[in-house]
Amino acid sequence: MGVAAKIAPSMLSSDFANLASEAERMLKFGADWLHMDIMDGHFVPNLTLGAPVIQSLRKHTEAYLDCHLMVTNPLDYVEPLSKAGASGFTFHVEVSKENWQELVQRIKSKGMKPGVALKPGTPIEDVYPLVEGENPVEMVLVMTVEPGFGGQKFMPEMMEKVRTLRERYPSLDIEVDGGLGPSTINAAASAGANCVVAGSSVFGASDPSAVISLLRSSVEESQHKS
């Protein structure tokens, strides 16, 4: 299979008052990406961070900022996030069935990597047109919890979606987000996920670098077996 493993600590679980040093700490511990949860208080009930925070963080790091937009109007965020220095822009399929082509086009034109996310209740078939279209997304994010809050329990039944995607798209970046840690990574990795978002399991660990390393080796070992 051989799609590179990418471990993305979720900055939602970090100390927001020390975002720059938390980012630096995660990169030193071996993180590939930094996962930024952008919520509008509408698509999901929580309100987190937006373009100004991304812009502030960008001044302190060259890391890949993997932005997951849990927002009702993702088109409105393309310009501000690209100016702020976002690297990846993942929008939700549930709010973009009508305009995803325009959205992907704009994201790419701003030099960001387009991705599409889906909630646990959304059928996997809904993302096929976005992966197979003329101007496709480059990543699919399978939510393994209901989006909106950190610290929820991993939903193993979502692994069927990951497995289906991996069989259909061998070289696609497939990301999982929600409840990932040492006890759940093997299920996700063996299903075919290669991008792993981990929040409390990394930030709450006494040795975060060991957790990041374990997540990565689980993905790599699963790939060797497949």
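The buried residues of helix α4 are covered by elements that include α3 (75–84), β4 (88–92), β5 (113–118) and α5 (128–132). This is a predicted model, so keep that in mind throughout.

Which residues of α4 are buried? The helix covers residues 100–109, and the buried ones are Trp100, Leu103, Val104 and Ile107. Viewed down the axis of α4, they fall within an arc of 95 degrees, so they line one face of the helix. An α-helix has 3.6 residues a turn, so residues three or four places apart point the same way. Just after α4 comes Gly111, with a positive phi of about 80 degrees.

Now to the annotated site. An unreviewed UniProt entry gives a "binding site" annotation that covers Ser10, His68, Gly148, Phe149, Gly150, Gly151, Gly179, Gly199 and Ser200. The lining of the largest pocket includes, of these residues, Ser10, His68, Gly148, Phe149, Gly150, Gly151, Gly179, Gly199 and Ser200.

I will take two of them in turn. Ser10 sits in the loop between β1 (6–9) and α1 (19–28). Is Ser10 buried or exposed? Its relative accessible area is 6%, and under 20% counts as buried, so Ser10 is buried. Setting aside neighbours within four places in sequence, Ser10 contacts His35, Asp37, Val197, Ala198, Gly199 and Phe203.

Gly179 has 33% relative accessibility and so counts as partly exposed. Again leaving out neighbours within four places in sequence, Gly179 is in contact with Val145, Gln152, Phe154 and Thr184.

Technical notes:
Residues numbered from 1 in each chain as written. Predicted model: local features only at pLDDT ≥ 70, side-chain atom pairs only at ≥ 80, totals over all residues. Heavy atoms only, no water. Buried < 20%, exposed > 50% of the residue type's maximum accessible area, 1.4 Å probe, protein only. Helix = DSSP H or I, 4+ residues; strand = E, 2+ residues; numbered from the N terminus. Arc of directions from axis to C-beta. Contact = heavy atoms within 4.5 Å. UniProt positions renumbered as here; feature names shortened; annotations may be inferred. 1 Å grid on protein atoms, 1.4 Å probe; cavity = no way out; pocket = protein on both sides within 12 Å on 5 of 7 lines; lining within 4 Å.
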